[in-house]
Amino acid sequence: MTPLDRWLNRRMGRPAPGPPPGPEELAAWQMARLRETVTLARRESPFYGQLLADADPAALRAPADLARLPRMDAQALRQAPERLLCTSQDEVARVVTLSTSGSTGAPKRLFFTRADLDATVDFFRHGMELLAAPGDTVLALLPGASQDGVGRLLARGVEALGGRCQCCPEPWDVPAALALLENSDARVLVGTPVHVHALARLAAARSPGPGPVRRALLCWDTPPPGLARRVETLLGCAVHEHWGMTETGLGGAVGCGQGPGMHLREADLLVEITDPATGAPVADGQWGEIVISTLGRRAMPLIRYRSGDAGRLLPGACPCGSPLRRLDAVPGRLAAGGEPGRAALDAELLALAGVLDYALSRGPDPEDLRLDLYLAPGAADPARAAARVLAAPPWSVPRPVVRVAARDGRIAPGFAKRAMPRANHGETS
């Protein structure tokens, strides 16, 4: 059994050392929890009382019945998030405000009780057991100052399995993160794809060959094609991927390392892949939109929430034998008109020798685009190669201005790269 199978058994009230549930038993258990969630939401939340006024929880018996429920989108989290609350404000332990890069609309706001946060720590604890063992040190390239921020929740999960987690106060200061890695004896590395990739490049330049890190977890953002394999080569370690959003309670799915895809957090989430236009489910193996329903969340349950992410479920069983379904690598946001998204540009720019990160900004002329490159110390100037990337299809930027912003190993602060170039003269989503 995998650590996630033991976690699932315990959450379902099954014998922890026993075999995991079969797919049909798991689906029936999830639908029972969804009925409880719908009943709670209709009773306690003004928003759901109106949205689900015609819904009959008793009719939700099988996954096919999910189509009986309307979908919701991020506008509900922007316009009047308090109307989604199913608890009093006194029971809320954390409020997260999300401002989407490039958006001029109101930010999204999400509310969590202490029990909601503890459920995330529980998932982190068992998910991290796929990478770390008791006594291991984990270096998290995530801020850890906020008491209930993602860095601290991860640290609590690692500590629960008997390990130690050290967070970086400023993950974009990659030389400082490398110094922490060298002084901490960390065997496991956790961070966004850009942060982990940048640290891997600096570490390999300083000391080529395998280092102390044996496993790395790429989280928060979508890893662009080729990046995970490059990290594996540079650090000489196994790489796992994670998918999650604040809306999923941060944890969403994690790779086991034995097969493709990421096992879903099915004790807390019911995940569908649907046709973006109609909301109808699509078959396993087909691409669609990831739609989530939270199971057991108390403060702000989400029911058939449109994530805006493209995704697909992998058919068949994982070699590890777990019944938890697998989400394929998430390519990013659903792109308008089929245009390439951020991961496509990341794949080309981060593959250039010496490039650790980049940031984009537009000038007064919509056709003007400035690209700031963040380079490893001693790297050759790749400005011409980067300009060729932007000038070529699908971006076709006529006058890209490329400059070197830093070559000391530091990368762009924060987690957003801001403006996107025009792709074939149409805005990407």
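Tutor: Accessible areas here come from the Shrake-Rupley method with a 1.4 Å probe, and for residues only the protein chains shown count as cover. By that method the accessible surface of the protein chain comes to about 17,700 Å², of which 52% belongs to carbon and sulfur atoms. This is a predicted model, in which local features need pLDDT of at least 70 and side-chain atom pairs count only at pLDDT 80 or more, whereas totals for chains, interfaces and linings use all residues. Residues are numbered from 1 along each chain as its sequence is written, and side-chain values use heavy atoms, with hydrogens and water left out.

Student: How many helices and strands does the protein chain have?

Tutor: Helices (H or I, at least four residues) and strands (E, at least two) are DSSP runs, numbered from the N terminus. On that basis the protein chain has 11 helices and 16 strands. Its radius of gyration is 22 Å, close to the 22 Å that the globule rule gives for 429 residues, so the chain is as compact as a globular protein of that length. That radius is taken over C-alpha atoms, and the globule rule is 2.2 Å times the number of residues to the power 0.38. Along its principal axes the C-alpha trace spans about 65 × 50 × 45 Å.

Student: What percentage of the 429 residues is buried?

Tutor: Buried means under 20% relative accessible area, exposed means over 50%, and partly exposed lies in between (1.4 Å probe, protein chains only). Buried residues make up 53% of the 429 residues in the protein chain. Contact, in turn, means heavy atoms within 4.5 Å. Among the contacts with a separation of 6 or more, residues 24 or more positions apart account for 66%.

Student: How many positive and how many negative side chains are there, and how far apart are the centres of the two sets?

Tutor: Lys and Arg count as positive and Asp and Glu as negative, while His and the chain ends are not counted; the place of a charge is taken as NZ of Lys, CZ of Arg, CG of Asp or CD of Glu. The protein chain has 49 positive and 46 negative side chains, and the centres of the two sets lie 2 Å apart.

Student: Which residues of helix 7 are buried, and where do they lie around the axis?

Tutor: One looks at the arc, which is that of the directions from the helix axis to the C-beta atoms. In helix 7 (residues 174-184), the buried residues are Val174, Ala177, Leu178, Leu181 and Ser184. Seen down the axis, these buried residues fall within an arc of 140 degrees, so they line one face of helix 7. Their cover includes strand 3 (137-140), strand 4 (164-167) and helix 8 (193-206). Helix 7 is followed by Asp185, whose phi is positive, near 60 degrees.

Student: And which residues of helix 11 are buried, and which are exposed?

Tutor: The buried ones are Ala383, Ala386, Val389 and Leu390. They cover an arc of only 120 degrees around the axis, which puts them on the same side of helix 11. On the other side of helix 11, Arg384 and Arg388 are exposed. The buried residues of helix 11 pack against helix 10 (342-349), strand 15 (368-375) and strand 16.

Student: What should I notice in the backbone of the loops?

Tutor: Look at omega and phi. The peptide bond from Pro393 to Pro394 is cis, with omega near 5 degrees, and Pro394 sits in the loop between helix 11 (383-391) and strand 16 (399-406). Leu250, in the loop between strand 7 (238-243) and strand 8 (253-254), has a phi near 75 degrees, a positive value in a residue other than glycine. Arg304 likewise has a positive phi, near 50 degrees, and its place is in the loop between strand 11 (288-294) and strand 12 (305-311). Arg304 is buried, with a relative accessible area of 3%.

Student: Is Thr294 buried or exposed, and what is in contact with Thr294?

Tutor: Thr294, which lies in strand 11, is buried, with a relative accessible area of 1%. Leaving aside its neighbours within four places in sequence, Thr294 is in contact with Thr37, Glu247, Asp268, Leu269, Pro301 and Leu302.

Student: Where is His126, and what does His126 touch?

Tutor: His126 is in helix 5 (residues 114-128) and counts as buried, at 9% relative accessibility. His126 and Pro3 are 123 residues apart in sequence and 5.5 Å apart in space, C-alpha to C-alpha. Not counting residues up to four places away in sequence, His126 touches Pro3, Leu4, Trp7 and Arg10.
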